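Please find below a colleague's note on the structure under review.

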Amino acid sequence: RADSINVRLDRIKPDNSREIISQGNIDYLLPGTSKSYNIIYSTLGGAGNGSFVVNIDPDNKIREFFKDNNLYTVPFYVKGDTTHPSLRVKIGDSDIFDGDYVSSTPKIRVELNDLTLLPITDSISIIMTLNDSLISNLNNSFVKVYFSPTNPKMVIEYTPKLADGEYILNVKGRNALGVLTDSAGITRRFLVSTEVKLLDVYNYPNPFSKNTYFTFKLTQIPDDLKIRIFSVAGRLIRVIDKKSNELNYDFNRIYWDGRDSQGDLLANGVYFYKMIMKKGDKTENVTQKLAIIR
């Protein structure tokens with residue numbers, strides 16, 4: 001029988017330093033019996049070789065003939081985190097591409113994903129700068145921060161009010177271990193213009209045989225946009241009408257099946273189309289040419 005047995009658990013670190021993880025007493029132990037208990041230990045930040053050492057009666061208070069079986073060593077290896085977190089940057093539901101026009105009040109959404117099991121709880125795990133100015137995540141009415149135990153583990157929604165001009169957004173992220181997505185982060189360049197403009201109007205393919213897409217860019221969402229298609233003699237053949245809720249900032253494309261307003265296929269030849277955009281009392285239009293070859 002042994003009474004008041006002190007049990008200590010040490011960890012031997014890769015640099016051979018020693019850390020006491022747990023220490024406590026077992027009241028008594030009868031001959032031929034055993035006691036068991038569990039210890040949860042985090043290996044966070046401790047990659048490399050190491051070992052656990054169970055030390056029974058480390059202060060040598062129990063009289064025994066043999067002491068060599070009072071130490072038990074368990075070697076182990078902790079593999080370091082080899083995964084990297086990832087970021088996604090969107091405006092609304094769309095990805096941002098360099099040179100895009102966006103709203104003067106955009107909803108910028110940044111998502112941080114991480115494959116490690118550790119939760120992300122630090123509000124500065126995502127760092128954003130706009131034109132080299134740090135965007136604070138704390139006490140900022142334009143910023144909302146969300147955490148989740150599943151991916152994306154952290155989301156920031158940033159809704160600034162921007163003046164006309166060119167902007168450079170840089171976003172960096174790191175996981176709970178401090179591992180960066182990458183040193184450069186994600187950089188996006190975008191434009192804000194309160195002037196209503198219709199840009200880069202063309203259709204593709206052109207010439208076409210079955211169908212085509214009218215493509216264009218918008219600096220602002222108009223109240224109404226029409227595409228009026230004419231024969232070379234000036235006869236109106238088809239009108240395609242799109243409302244504001246069917247249009248996007250920057251790039252848009254609109255499908256046309258090559259048929260007139262009665263649903264009939266058009267004959268081979270050259271046609272003209274006029275794209276007309278209206279916002280308030282502002283109207284802008286662009287005329288282009290297309291060809292049908294079957």
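**Notes on the predicted model**

1. Lining of the largest pocket. The residues that line the largest pocket comprise ten nonpolar, four polar and three charged ones. The model is a predicted one, and this pocket holds about 370 Å³ of space. Of its 17 lining residues, I91, S94, Y101, N248 and Y249 are the closest to the centre.

2. Strands at the pocket. Three strands, β6 (94-95), β7 (100-102) and β19 (250-256), each contribute at least two residues to the lining of the largest pocket. The greatest contribution comes from β7, which supplies three residues.

3. Overall form. The protein contains 21 strands and zero helices. Its radius of gyration is 34 Å, whereas a compact globule of 294 residues would have a value near 19 Å. The C-alpha trace spans about 115 × 45 × 30 Å along the principal axes. Of the 294 residues, 35% count as buried.

4. Stacked aromatic pair. How many aromatic pairs does a search of the whole structure find? The search finds seven. One of them is formed by Y167 and F190, which are stacked at 5.8 Å centre to centre with 15° between the planes. This pair links distant parts of the chain, as Y167 belongs to strand β13 (residues 165-173) and F190 to strand β14 (residues 186-192), 23 residues apart. Y167 has a relative accessibility of 12% and therefore counts as buried, the limit being under 20%. F190 is also buried, with a relative accessible area of 1%.

5. F214 and Y273 form an edge-to-face pair, with 4.7 Å centre to centre and 65° between the planes. Because F214 lies in strand β16 (residues 212-218) and Y273 in strand β20 (residues 269-279), the pair ties together parts that are 59 residues apart in sequence. Both F214 and Y273 are buried. These two residues belong to one aromatic cluster together with F208 and W256.

6. Charges over rings. Two contacts of this kind deserve a mention. The charged end of K35 is placed over the ring of Y28, at 5.2 Å from the ring centre. R253 lies over the face of Y213, 4.2 Å from the centre of that ring.

7. Cis peptide bonds. Most peptide bonds are trans, and most residues other than glycine have a negative phi. Which peptide bond has an omega near -5°? It is the bond from Y204 to P205, which is cis. P205 is placed in the loop between β15 (198-204) and β16. A cis peptide bond also joins N206 and P207, with omega about 5°. P207 lies in the loop between β15 and β16.

8. Positive phi angles. N131 is not a glycine, yet its phi is positive, at about 50°. This residue lies in the loop between β9 (126-130) and β10 (133-135). D132 is likewise not a glycine and has a positive phi of about 70°; D132 is found in the loop between β9 and β10.

9. Are N131 and D132 buried, partly exposed or exposed? N131 has a relative accessible area of 37% and is therefore partly exposed. D132, at 77% relative accessibility, counts as exposed because the limit for that class is over 50%.

Conventions:
Residues are numbered from 1 along each chain as its sequence is written. This is a predicted model: local features need pLDDT of at least 70, side-chain atom pairs count only at pLDDT 80 or more; totals for chains, interfaces and linings use all residues. Side-chain values use heavy atoms; hydrogens and water are left out. Rings of Phe, Tyr and Trp (its six-membered ring) pair if their centres lie within 6.5 Å; planes under 30 degrees apart count as stacked, over 60 as edge-to-face and the rest as tilted. Helices (H or I, at least four residues) and strands (E, at least two) are DSSP runs, numbered from the N terminus. Buried means under 20% relative accessible area, exposed over 50%, partly exposed in between (1.4 Å probe, protein chains only). A charge sits over a ring if NZ of Lys or CZ of Arg is within 6 Å of the ring centre and within 35 degrees of the ring normal. On a 1 Å grid over the protein atoms alone, a cavity is a set of points where a 1.4 Å probe fits but cannot get out, and a pocket is an open set with protein on both sides within 12 Å along at least five of seven lines; lining residues have an atom within 4 Å of a point. Grid points are joined across faces, edges and corners, and a volume is the space filled by probe spheres set on the points. Ala, Val, Leu, Ile, Met, Phe, Trp, Tyr, Cys and Pro count as nonpolar, Asp, Glu, Lys and Arg as charged, and the others, Gly among them, as polar. The radius of gyration is taken over C-alpha atoms; the globule rule is 2.2 Å times the number of residues to the power 0.38.
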